[in-house]
Amino acid sequence: MERVFGYVRVSSPGQVQGDGLARQAKAIADYARAHRLEVVRIYREEGVSGTSDTRPALAELMVDLEENGHGVKTVIVEKLDRLARDLMVQEAVIRDFQKHGFNLISATEGPNLLSEDPTRKFVRQVFGALAEYDKSMLVSKLRAARERVKAKTGKCDGRKGYYETDHGKAVLARIKQLRRKRRDMKPLSFPDIAGVLNKEGILTLAGKHWTGGNVAAAMRRNQKR
């Protein structure tokens, strides 16, 4: 039974907790089982873009292949785009495999990915170009969506602003309550409000004590909302 390595990759840190790595590993294991191959180790690239040529796990895999301590010369990936989503990066990695006499198998697209047969090379490059196109389109669509949100709301997506969080809203409500004019009494000044907030143990977003300037800035922000 031939011994092989597996290689799996997800593009962003947020995907590490998803099922992408497990799904790829299962596809590799299923292919190996069906073709009487033994997977010695699976190298995991966690949160690394397919357009990047800096791959710690792939580098470690190549070193292990070159040292040949496990007698392994073949690597299985779920799909070619797990190896790379940029055609130039893909071909650079493939040339490295070819130079050392290693073999690359896709559980989806089949064996002989490194073949220089004109038809096989064409198919490989088509898959690479499609992956690159898909990546470019995804980036473009995300950019367009962000621009649409920005045009509609005046800001882009991302983390909520401090005063959009529950805690921030509560702080702003307290400032407004202290600022509100009370019967027979003048409204508290910004420095006075800062003093009350500090006595109540309420800190600013930066974790510091309030000042009159901080309170004024918070009120201005509220008026723009």
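At 41% relative accessibility, does R23 count as buried, partly exposed or exposed? R23 counts as partly exposed at that value, where buried means under 20% relative accessible area, exposed means over 50%, and partly exposed covers the range in between (1.4 Å probe, protein chains only). The legends below refer to a predicted model, in which local features need pLDDT of at least 70 and side-chain atom pairs count only at pLDDT 80 or more, while totals for chains, interfaces and linings use all residues. Residues are numbered from 1 along each chain as its sequence is written, and side-chain values use heavy atoms, with hydrogens and water left out.

View 1. Four strands form an open sheet in the order β2-β1-β3-β4, with parallel pairing; strands (E, at least two residues) and helices (H or I, at least four residues) are DSSP runs numbered from the N terminus, and two strands count as paired if DSSP finds at least two bridges between them. The edges are taken by β2 and β4 (103-106), each of which has a single partner strand, so one side of each is left without a neighbour in the sheet. On average, neighbouring strands of this sheet are turned by 25 degrees against each other, direction ignored, the axes being lines fitted to C-alpha atoms, for helices over the stretch in contact, with angles that run from 0 to 180 degrees between N-to-C directions.

**View 2. Strand β1 and its two partners.** The parallel strands β1 and β2 are joined by 9 bridges; V8 has R44 as its bridge partner in β2, and V10 stands opposite E46 in β2. Strand β3 (residues 74-77) pairs with β1 in the parallel sense over 3 bridges, and here the bridge partner of F5 is V75. Of the 9 residues of β1, 7 are buried, so this strand is largely enclosed by the rest of the structure. In general, strands of a sheet pair through backbone hydrogen bonds, either parallel or antiparallel.

**View 3. Helices α1 and α2 against the strands.** Helix α1 lies across β1, β2, β3 and β4 and runs at about 160 degrees to β1, where contact means heavy atoms within 4.5 Å. Helix α2 (residues 56-67) packs on the sheet and touches β1, β2 and β3, with its direction making about 145 degrees with that of β2.

**View 4. The aromatic pairs.** The structure holds 2 aromatic pairs, a pair being rings of Phe, Tyr and Trp (its six-membered ring) whose centres lie within 6.5 Å, with planes under 30 degrees apart counted as stacked, over 60 as edge-to-face and the rest as tilted. F5 and Y43 form an edge-to-face pair, at 5.1 Å centre to centre and with 75 degrees between the planes. This pair links distant parts of the chain, since F5 belongs to strand β1 (residues 2-10) and Y43 to strand β2 (residues 37-46), 38 residues apart; both F5 and Y43 are buried. The ring centres of F97 and F102 are 6.3 Å apart and their planes stand at 85 degrees, so this pair is edge-to-face; F97 and F102 are both buried.

View 5. In the whole structure 11 salt bridges are found, each defined as a side-chain nitrogen of Lys or Arg within 4 Å of a carboxyl oxygen of Asp or Glu. One of them joins the side chains of R23 and E78 at 2.9 Å, N to O. R23 lies in helix α1 (residues 20-34) and E78 in the loop between β3 and α3 (80-83), so the pair ties together parts that are 55 residues apart in sequence. E78, at 9% relative accessibility, counts as buried.

View 6. R33 counts as exposed at 59% relative accessibility, whereas D30 is partly exposed with a relative accessible area of 30%. A further salt bridge connects E46 with R44, with 2.9 Å between the closest N and O atoms; E46 is partly exposed at 41% relative accessible area, and R44 is partly exposed at 44%. Salt bridges that share partners also join K26, D30 and R33 into one network.

**View 7. L172 in helix α6.** L172 is found in helix α6 (residues 166-179) and is buried, with a relative accessible area of 5%. The C-alpha atoms of L172 and V215 are separated by 9.1 Å, while the two residues are 43 residues apart along the chain.
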